[in-house]
Amino acid sequence: LNAAIRAVVRIASSCGIEVIGFHHGWRGVVDGESAPLTRNETKGLLQSGGTILRTARYHPDENEGGAQAVVDTIEKERLSGLIVIGGDGTLNSASHLASLGTPIVGIPKTIDNDVSGTRRCIGFDTAVATAADAIDRVHTTGESHDRLMVVEVMGRTVGWLAVCAGIAAGADAVCLPEVPTDLDALAASIRRRHDAGSTSSVVVVAEGACVVPSPQCEVSAGARISAGLAERTGYETRLTVLGHVQRGGPPTASDRLLATSFGVAALDAARDGQFGTMVSVHDDMIKLVPLGAVGAGPRPVPDSLVVLARRLTVS
Ligand code: F6P
């Protein structure tokens with residue numbers, strides 16, 4: 001987020017446009033919690049992850065009076081436009097408000113990479129690099145101890161992070177929300193792999209992976225798969241849940257470039273009055289799409305990537 005905020009402010013100041021930043025996402029717009037953003041505040045931001053504006057999981061359209069409060073803030077602050085940076089939830093609220101006439105340009109940002117209407121979201125590349133690095137390390141210790149290692153990564157509804165980090169780190173199996181994982185079949189495949197000479201395996205699981213048979217109790221997909229494979233194979237098994245380490249730290253160069261390009265394109269769109277739009281990646285180009293595109297729901301991993309993962313693993 002910081003790299004995108006920096007780009008917006010830099011380009012705006014070079015065009016004589018004033019920028020104010022709202023704190024804590026939509027909540028700050030509703031409460032009118034804001035401060036001017038100048039080049040000074042955004043100096044040195046390119047390398048730092050997260051957001052100097054802070055964030056919150058809050059959706060104005062789902063809260064009584066929220067949408068009207070956004071309109072009131074825009075009027076009170078005499079804003080000509082609002083640039084909204086966020087994932088599925090944030091941008092769906094943006095789309096709803098834009099359909100009521102609020103002047104909004106969206107920027108897709110989520111490590112889940114699941115916003116419809118764009119091929120890439122800010123943060124995904126960094127999360128993949130972080131998860132792949134962690135899986136590499138799990139590989140090493142798993143090999144030393146002859147263990148079956150299960151690594152759970154984020155991704156409640158889609159498996160972009162699991163499939164990309166899994167392939168990049170040479171996982172032996174990948175379990176996704178998009179494709180059911182049959183525990184008996186997976187255990188049999190891992191057994192065959194070990195019968196053929198392997199002494200350890202790494203299974204990467206998206207937190208929302210679909211598992212059959214489905215769990216009797218409320219456990220995470222990683223815990224379910226880890227316990228299920230240990231029981232079926234008899235191999236010594238360990239589970240690592242990566243959690244929020246995947247969502248912090250300095251962004252990769254590729255994410256900085258994407259965030260900067262999105263920030264510049266969003267500012268240009270707002271300056272030209274092209275509201276109700278979202279910046280996006282299409283055919284490796286930055287393009288504007290209607291904000292309503294996000295309404296198609298979380299964008300699943302395409303079959304081609306699922307097939308690629310299948311060909312490279314035992315899953
Ligand atoms: O929406 C992004 C995401 O990183 C999901 O992959 C994950 O399930 C969720 O956020 C975790 O959210 P929180 O930090 O609110 O627990």
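H24 is found in the loop between β1 (19-22) and α2 (25-31); helices (H or I, at least four residues) and strands (E, at least two) are DSSP runs, numbered from the N terminus. Although H24 is not a glycine, its phi is positive, at about 60°. The model is predicted: local features need pLDDT of at least 70, side-chain atom pairs count only at pLDDT 80 or more, and totals for chains, interfaces and linings use all residues. Residues are numbered from 1 along each chain as its sequence is written, and side-chain values use heavy atoms, with hydrogens and water left out.

The other backbone detail concerns a proline. P213 has its place in the loop between β9 (211-212) and α8. The peptide bond from V212 to P213 is cis, with omega near -5°.

Two packed helices are described by the angle between their axes and the distance between the axes. Axes are lines fitted to C-alpha atoms, for helices over the stretch in contact, and angles run from 0 to 180 degrees between N-to-C directions.

| Helix pair | Axis angle | Axis distance |
|---|---|---|
| α5 (residues 124-145) and α6 (residues 160-168) | about 50° | 8 Å apart |
| α1 (residues 2-14) and α9 (residues 253-271) | roughly 40° | within 7 Å |
| α7 (residues 183-195) and α8 (residues 221-233) | roughly 60° | within 9 Å |

The angle makes α7 oblique to α8. Angles under 35 degrees count as roughly parallel, over 145 as roughly antiparallel, 65 to 115 as roughly perpendicular and the rest as oblique. The helices α5 and α6 are therefore oblique to each other, and α1 and α9 are oblique to each other too.

The crossing of α7 and α8 is right-handed. A crossing is left-handed if the near helix is turned anticlockwise from the far one by less than a right angle, and right-handed if clockwise. The crossing of α1 and α9 is right-handed, and α5 passes α6 in a right-handed crossing.

Which residues surround the ligand? They are R57, I111, D112, M154, G155, R156, E207, H244 and R247, where near means that a heavy atom of the residue lies within 4 Å. This shell divides into two nonpolar, two polar and five charged residues. Ala, Val, Leu, Ile, Met, Phe, Trp, Tyr, Cys and Pro count as nonpolar, Asp, Glu, Lys and Arg as charged, and the others, Gly among them, as polar.

An N or O atom in the side chain of E207 is 2.5 Å from an oxygen atom of the ligand. For D112, a polar side-chain atom lies 2.6 Å from a ligand oxygen atom. On its own the ligand has 400 Å² of accessible area, of which the protein covers 75% (Shrake-Rupley method, 1.4 Å probe).

Note on methods. A polar contact is a pair of N or O atoms within 3.5 Å; within protein, one must be able to donate a hydrogen and the other to accept it, and residues adjacent in sequence count only if both atoms are side-chain atoms.
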